[in-house]
Amino acid sequence: ESAYSHAGRTNELDRYGLPPTAKFSRATMLRIAEDLDVDYVIFGNFSSDGTNLTVESRVLRVNPPALFPIVRESGPLNSLMDLQMRLAWRTVAACYRAYPLSLPDFSKKQRELRLDAFEHYVRGLLANDDDVRLRELREAARLDSDWPDPDFSLGEVYFSRRDCNSALPWYARVPKKHDHYPQAVFATGVCRLLLSQPDRAEEVFTSLRDRKS
């Protein structure tokens, strides 16, 4: 299974002429989901009193249409990562009745993230200004140097600015097993073309083709 990234979601909403902060009725979510040929829509909300956090999620199945019960988790703000893990497991289990993994087994398959790195990463994704986005993502990458998501996002920001010399080192840090690895390799090939390095670009695109075959 794959999920739309934050950037992918924003791009799709822009294609529909809708702002990223728009609130949709369930009928609208269902119609957009059908157009995008997706299986599930996950939506929800959160609230905090400054000390504790409550997060709710709900799954809307597209075909056949079904609205699953609310999944709710609460905990201290400093336990956000554990709270997110529990919420993710319960949300996935809600989609599949016979989901085989217990919470401990599910947790073992997830990468443990630092809360401060995750905070800067999210701030970077949500930032409207490129300089702020880069600063936050670089801080996330510094705090958790083995976490590839900020690396890929940094590559994407620099690539969007056609600053390939800055983008390439970040793309190079995305491991082969990561979901965004093919995108990082393709963007690397495009960068080599933009840098007037056709031979190196061909090598990159050939490696991507060979990986798919």
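**Exercise 1.** In what sense do strand 1 and strand 2 pair, and over how many bridges?

*Solution.* Keep in mind that this is a predicted model. Start by finding the two elements: strand 1 covers residues 40–48 and strand 2 covers residues 52–61. Next, look at how they run: the pairing is antiparallel, over nine bridges. Finally, check the hairpin itself. Three residues sit between the strands, and G50 takes a positive phi near 95° there.

**Exercise 2.** Work out which residues of helix 1 are buried, and where they sit around the helix.

*Solution.* Take helix 1, residues 6–15, and pick out its buried residues: G8, E12 and L13. Now look down the axis of helix 1: these buried residues fall within an arc of 135°, so they line one face of the helix. What do the buried residues of helix 1 pack against? Their partner is helix 2 (26–36).

**Exercise 3.** Are C95 and C191 buried or exposed?

*Solution.* Buried means under 20% relative accessible area. C95 comes in at 16%, so call it buried. C191 is at 0%, so that one is buried as well. And how many disulfides are there? With a cut-off of 2.5 Å between cysteine sulfur atoms, the count is zero.

Notes:
Residues are numbered from 1 along each chain as its sequence is written. This is a predicted model: local features need pLDDT of at least 70, side-chain atom pairs count only at pLDDT 80 or more; totals for chains, interfaces and linings use all residues. Side-chain values use heavy atoms; hydrogens and water are left out. Buried means under 20% relative accessible area, exposed over 50%, partly exposed in between (1.4 Å probe, protein chains only). Helices (H or I, at least four residues) and strands (E, at least two) are DSSP runs, numbered from the N terminus. The arc is that of the directions from the helix axis to the C-beta atoms. Contact means heavy atoms within 4.5 Å. Two strands pair if DSSP finds at least two bridges between them.
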